[in-house]
Structure formats: structure tokens, C-alpha cells
Amino acid sequence: MRYLVTGGAGFIGSNFIRYIFNKYGADAQVVNLDKLTYAGIRENLAEYEGKPNYRFLQGDISEPADVEEAYKGIGGQGIDVVVNFAAETHVDRSLMEAGSFIRTDVHGVLVLLEEARKHAPRLKKFIQISTDEVYGSIESGSFRETDPLSPRNPYSASKCGGDRMAYAYSETYGLPVVVTRASNNYGPFQYPEKLIPLFVTNAIDDQPLPLYGDGKNVRDWLYVEDHCAAVDFLVEHGQKGEIYNIGGGNEIENIEITHRILELTGKPKSLIKPVADRQGHDRRYSLDTTKLEKLGFRTKATFEEAIVRTVDWYKQNEAWWRAIKEKSAEFKRYYEQQYGKR
Ligand code: NAD
Ligand code: DAU
């Protein structure tokens with residue numbers, strides 16, 4: 001199989017490429033198209049550089065010339081499957097500046113789809129990685145794929161645009177589009193601006209853990225390897241024009257996760273710093289995953305064991321996150337703006 005993976009230098013994309021190479025070895029070819037924004041780290045996949053079945057291409061999914069080049073594949077052999085992970089992904093940053101979210105998460109998807117039209121009917125699948133945030137917040141019960149969409153922040157509104165554009169290209173032009181809506185991922189290589197890696201690394205350094213609002217917001221935590229396995233499963237079994245929720249089945253309040261992180265790092269609760277809430281903070285996400293389960297997929301990780309593995313990874317890979325937190329001027333600027341006066 002010849003894959004075009006976009007955003008493969010980011011958290012989930014780099015885990016997905018590693019998952020594909022571990023599973024299919026030399027039978028898989030991967031082109032990784034990534035703009036290398038602040039969140040893209042090419043070295044996440046250093047072990048594959050120079051291999052004949054891996055090609056890294058620095059480029060922007062909203063630039064037609066970059067996308068055209070990526071669809072050529074490796075040595076002009078073309079692409080069978082596109083998996084679009086590329087996106088601006090952080091809700092807090094979308095509250096500071098939303099234009100880049102529209103450019104990548106909406107317009108970028110359009111550019112990828114337009115190029116896909118040129119490569120149909122060869123293209124077997126176009127997987128658009130969407131998010132559970134497109135449904136909005138839910139007080140009780142769980143969202144199904146048929147529920148109305150009600151995104152409530154600039155990030156989720158942009159992702160909703162990309163989600164619906166991909167669907168439209170399936171309906172209008174018959175492209176083999178599958179849309180996935182996953183819940184909150186955690187695991188190795190997650191940029192330390194998101195809750196779990198930020199709190200783990202702050203705790204290691206005895207820095208405050210800035211908990212928004214009352215800390216009782218609920219997220220459904222999905223181990224990244226399970227997410228990668230689900231996407232791989234859908235490359236094979238996903239039906240054209242269909243949407244699939246991918247959840248972890250681990251709904252946990254932020255305060256509970258914070259306590260667990262402090263236990264696993266051996267740090268005191270006094271590090272918790274309640275801060276002003278996120279504007280428009282979604283209270284709870286919850287997914288009904290019956291559709292994916294009926295197709296034959298089940299997640300493997302339990303939160304209890306995967307959070308231990310995750311915390312261990314950050315303990316053992318300090319050089320990786322210190323290069324961001326201590327050496328990136330961009331990260332320091334962001335951190336100061338986000339938390340400085342909070
Ligand atoms: P990330 O921020 O870690 O990585 C995003 C990657 O996309 C980076 O490598 C970045 O350089 C690249 N990128 C950004 N703009 C680009 C552009 N214009 N062209 C090419 N590359 C570009 O994100 P992540 O957490 O790995 O998320 C990956 C995907 O999964 C996103 O589409 C996100 O919306 C979706 N998602 C994430 C989660 C989660 O919990 N992290 C859950 C559900 C869905
Ligand atoms: O649900 C899927 C989404 O999960 C993805 O689509 C997004 O790309 C991903 O970033 C994530 O969004 P969240 O906003 O849920 O993730 P984040 O890690 O930013 O926040 C998780 C929860 O923790 C949320 O309720 C806000 C809270 N939080 C977060 C940070 C960064 C804090 O209390 N303090 C913090 O400093």
C-alpha cells in the first residue's frame with residue numbers, strides 16, 4: 001500500500017506512520033507531507049529517514065503545488081491511500097488566532113480533495129481525521145455519528161468545515177472518503193501544550209499545573225496506539241461516505257487525571273493551580289462507538305495501564321520535551337501569553 005500521510009511530523013501522525021511500518025514493514029510506502037509548524041517535529045521519525053519506502057516532504061496542504069508533488073508518491077509510483085492528520089489542533093491557540101485554523105483545517109482539506117479527484121479511480125481511500133469536538137458538548141448520554149454537529153470554538157468549527165467538505169466530495173464526486181471522529185488522544189510524542197504532556201512535564205519540574213475552571217470537565221481518553229489501529233482498520237473496512245466515532249471508553253474529569261499524574265510523578269497536590277476557565281470550555285465529550293464495534297474493531301488499552309506507560313515515556317525522554325519547553329522561543333512566548341497572567 002502506498003500512503004500519503006499529512007501531518008506525519010505531529011503527535012498522532014508520527015505514531016501512525018510508526019504503526020504502519022511496524023505492521024507492514026517494506027510492504028508499505030509512506031510519503032509524509034508536513035509543513036513543520038511549531039507542532040511538527042521531523043526528528044520524531046528520524047529512524048526512517050533515508051529508507052527507500054519513506055519520503056519526507058516539507059510542504060503545506062493548502063498549497064496546490066505541494067499537494068500535487070506529494071500525490072506523486074515515492075519515485076513517481078503514486079498514492080493508494082490518503083490519511084489527513086495535518087491540522088492546527090490546539091483549542092487554546094484557536095482562541096488567540098483563528099485564521100491559520102481556517103487555512104489548514106478547512107481550505108487545506110479542500111486542496112487535498114481537489115488533488116484526490118485527479119487521482120480517482122486509483123485512490124482506494126481518503127481518510128479525513130476529524131474530531132469528537134465537532135458535536136459540541138454533551139451533559140449526559142453519548143454522541144452518535146448521525147447526531148447534529150454543533151462546534152463551539154474556532155478550532156472545532158474549522159474541523160467541522162473540513163469534515164463536511166470531505167463528506168461533500170464523497171457525495172458529489174464519488175471520492176472514497178471516510179471521516180473519523182476521535183476523542184482525546186494521549187501517549188508518546190504529544191506536544192507539551194496539551195493537558196497530559198503539559199501536566200506531566202510541569203510536575204517533573206515542580207512547576208504549577210494550571211487547571212482550568214473547576215477541573216470537572218470530562219474528556220474520553222483514547223490511547224494513541226488504539227487510535228492508529230482504528231484508522232488502519234478503517235483503511236481496510238471503512239465504507240465510502242461513512243463517518244466513524246473512535247472513542248477510548250475512558251471518561252475522566254480533568255481533576256482526576258491531574259491527581260493520577262501527581263501520583264505517578266511522586267509530586268504533591270499543592271502543585272495544582274486553579275486558573276481562569278477556558279472561554280467557551282466544552283463541559284463533556286462522549287462518543288457512542290457502536291458503529292465501529294459492529295464493524296469488528298475494539299480498542300485494547302485501559303487508561304490505568306496506558307497512563308503509566310505514557311508518564312514513563314515522558315520521564316525517559318526528557319531531551320525530547322526539554323528541546324521544546326526550554327529551547328523553543330515560540331513555546332516560551334505561547335506559554336507566557338497563555339498562562340503568564342492567568
Ligand atoms: P499535532 O498538532 O501534534 O500535529 C499536527 C501536525 O500537522 C504537525 O506536524 C504540523 O506541522 C502539521 N501541519 C499543520 N498545518 C499544516 C499544513 N498546513 N500543511 C501540512 N502540515 C501541517 O496534532 P495531533 O494531535 O497529532 O492531531 C492530528 C489530527 O488528529 C488533527 O487533524 C486533529 O484535529 C485530529 N485529532 C486530534 C486529537 C487529539 O487528541 N490530539 C483527537 C481527535 C482528532
Ligand atoms: O476531543 C478531541 C480534541 O482533544 C482534539 O480534537 C484536539 O486536537 C485536542 O487538542 C483535544 O482538545 P482538548 O481541548 O480537549 O485538549 P486539551 O489537552 O487542550 O485539554 C483537555 C482538557 O484539559 C480540557 O478540558 C481543558 C483542560 N486543560 C487544558 C490545558 C492545556 C486545563 O485544565 N489546563 C490546561 O493547561
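**Packing, pairing and backbone**

Guide: In this predicted model, Phe 11, Ile 12, Asn 15, Phe 16, Tyr 19, Ile 20, Lys 23 and Tyr 24 of helix 1 are in contact with Val 224, Glu 225, His 227, Cys 228, Ala 229, Val 231 and Asp 232 of helix 7.

Visitor: At what angle do helix 1 and helix 7 pack?
Guide: Helix 1 spans residues 11-24 and helix 7 spans residues 224-237. Helix 1 passes helix 7 in a right-handed crossing. Their axes lie 9 Å apart, and the packing angle is about 65°.

Visitor: How many disulfides does the structure hold?
Guide: The number of disulfides in the structure is 0.

Visitor: Why do the buried residues of helix 12 lie on the same side of helix 12?
Guide: The buried residues of helix 12 (residues 329-339) are Phe 331, Tyr 334, Gln 338 and Tyr 339. They share one side of helix 12 because the arc they cover around the axis is only 95°. An α-helix has 3.6 residues a turn, so residues three or four places apart point the same way. The value that places these residues of helix 12 on one side is thus the arc of 95°.

Visitor: Which exposed residues does helix 12 carry on the face turned away from its buried side?
Guide: The buried side of helix 12 is covered by elements including helix 3 (91-96), helix 6 (195-204), strand 8 (209-212) and helix 11 (318-325). The face turned away from that side carries the exposed residues Arg 333, Glu 336 and Gln 337.

Visitor: How far apart are the closest N and O atoms of Asp 60 and Lys 35?
Guide: Side chains of opposite charge can pair when their charged atoms come close. Asp 60 counts as buried at 13% relative accessibility, whereas Lys 35 is partly exposed at 42%. The two form a salt bridge in which the closest N and O atoms are 3.5 Å apart. This pair links the loop between strand 3 (54-58) and helix 2 (64-71) to the loop between strand 2 (29-34) and strand 3, with a sequence separation of 25 residues.

Visitor: How many residues apart in sequence are the parts that Asp 80 and Lys 124 tie together?
Guide: The side chains of Asp 80 and Lys 124 meet in a salt bridge of 3.9 Å, N to O. Asp 80 lies in the loop between helix 2 and strand 4 (81-84), and Lys 124 in the loop between helix 4 (99-119) and strand 5 (125-131), so the pair joins parts of the chain that are separated by 44 residues.

Visitor: Which peptide bond is cis?
Guide: Most residues other than glycine have a negative phi, and most peptide bonds are trans. Pro 121 lies in the loop between helix 4 and strand 5. With omega near 10°, the cis bond is that from Ala 120 to Pro 121.

Visitor: What is the phi of Phe 189?
Guide: Phe 189 is found in the loop between strand 7 (184-186) and helix 6. Phe 189 is buried, with a relative accessible area of 15%. Although Phe 189 is a residue other than glycine, its phi is positive, near 70°.

Methods:
Residues are numbered from 1 along each chain as its sequence is written. Chains are lettered from A and ligands numbered from 1 in the order in which they are written. This is a predicted model: local features need pLDDT of at least 70, side-chain atom pairs count only at pLDDT 80 or more; totals for chains, interfaces and linings use all residues. Side-chain values use heavy atoms; hydrogens and water are left out. Buried means under 20% relative accessible area, exposed over 50%, partly exposed in between (1.4 Å probe, protein chains only). Helices (H or I, at least four residues) and strands (E, at least two) are DSSP runs, numbered from the N terminus. The arc is that of the directions from the helix axis to the C-beta atoms. Contact means heavy atoms within 4.5 Å. A salt bridge is a side-chain nitrogen of Lys or Arg within 4 Å of a carboxyl oxygen of Asp or Glu. A disulfide is a pair of cysteine sulfur atoms within 2.5 Å. Axes are lines fitted to C-alpha atoms, for helices over the stretch in contact, and angles run from 0 to 180 degrees between N-to-C directions. A crossing is left-handed if the near helix is turned anticlockwise from the far one by less than a right angle, and right-handed if clockwise.
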